Amino acid sequence: MLQPVSLENDRLYIHPFRSEDFNRYEKMVTDIYQILSDDDTLHFIPEKRLGSMADADTWLKSTILNFHCGHNFVHFITEKVSGKLLGIIDIISPQIVRAHYRLEQYPYFIEFYLSGKARGRKIMTTLLPEIVAELRQRNIRVLGAVVNKKNHAAQKVLLTAGFIYQSPFDPVQDLYQLSFSSTEKKVSKVG
């Protein structure tokens, strides 16, 4: 099972659901609903829309269970000062990728969603390379991502983090991939 990624910088925490998050569970449900019902966030992924707070509660419960079953590894982007969720990062296991897609190989996949209010602040441009480095340390050799062909901001974030365009995925999305050489040295963190 994939070990969780926990990172922080001067403004943000990136973390899985933690024991202390039970104390702010209702706030998290509200923030998740705001992110996954936001028109700006969902412009290119309308199928991810949640219809109600009850749906957000079910989504969070499923997320917690899926994490512990090794299916999806959802991490949250939390603002340090306010405690507000600004985004969601989902690392999807090859097992789940295989169940939903037909590909030549089945790597881990990564998806990310930012609150419309957090867009334009280069949050994912800053965080994705750090997350990729952490996943590399966990011996992930290939990481995939699917992006809407018109979502130029997400494409740029992926390219900046080292992903390479692979091919069309379906009529509206493209497949990007990041591969690590087996001879490549592991990234080590200092400080």
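Modeller: A pocket is an open set of grid points where a 1.4 Å probe fits, with protein on both sides within 12 Å along at least five of seven lines, and its volume is the space filled by probe spheres set on the points. In this model, which is predicted, the second largest pocket holds about 370 Å³ of space. Among its 18 lining residues, Lys48, Asn72, Asp90, Ile92 and Glu111 are the closest to its centre.

Biologist: Which element gives the largest share of the lining of the second largest pocket?

Modeller: Helix H2 does, with 5 residues, and by class this lining divides into 9 nonpolar, 6 polar and 3 charged residues.

Biologist: Is glutamate 111 buried or exposed?

Modeller: Buried means under 20% relative accessible area, and glutamate 111, at 18%, is therefore buried. This residue lies in strand S5, its side chain makes a polar contact of 2.4 Å with that of tyrosine 113, and, beyond its neighbours within four places in sequence, its contacts include Lys48, Asp90 and Ile92.

Biologist: How should I read the faces of a helix such as H5?

Modeller: An α-helix has 3.6 residues a turn, so residues three or four places apart point the same way. In H5 the buried residues are Ala154, Gln155, Val157 and Leu158, and they line one face of the helix because they fall within an arc of 160 degrees seen down its axis. His152, Ala153 and Lys156 are exposed on the other side, whereas the buried residues pack against S5, H4, S6 and S8.

Notes
Residues are numbered from 1 along each chain as its sequence is written. This is a predicted model: local features need pLDDT of at least 70, side-chain atom pairs count only at pLDDT 80 or more; totals for chains, interfaces and linings use all residues. Side-chain values use heavy atoms; hydrogens and water are left out. Helices (H or I, at least four residues) and strands (E, at least two) are DSSP runs, numbered from the N terminus. Buried means under 20% relative accessible area, exposed over 50%, partly exposed in between (1.4 Å probe, protein chains only). A polar contact is a pair of N or O atoms within 3.5 Å; within protein, one must be able to donate a hydrogen and the other to accept it, and residues adjacent in sequence count only if both atoms are side-chain atoms. Contact means heavy atoms within 4.5 Å. The arc is that of the directions from the helix axis to the C-beta atoms. On a 1 Å grid over the protein atoms alone, a cavity is a set of points where a 1.4 Å probe fits but cannot get out, and a pocket is an open set with protein on both sides within 12 Å along at least five of seven lines; lining residues have an atom within 4 Å of a point. Ala, Val, Leu, Ile, Met, Phe, Trp, Tyr, Cys and Pro count as nonpolar, Asp, Glu, Lys and Arg as charged, and the others, Gly among them, as polar.
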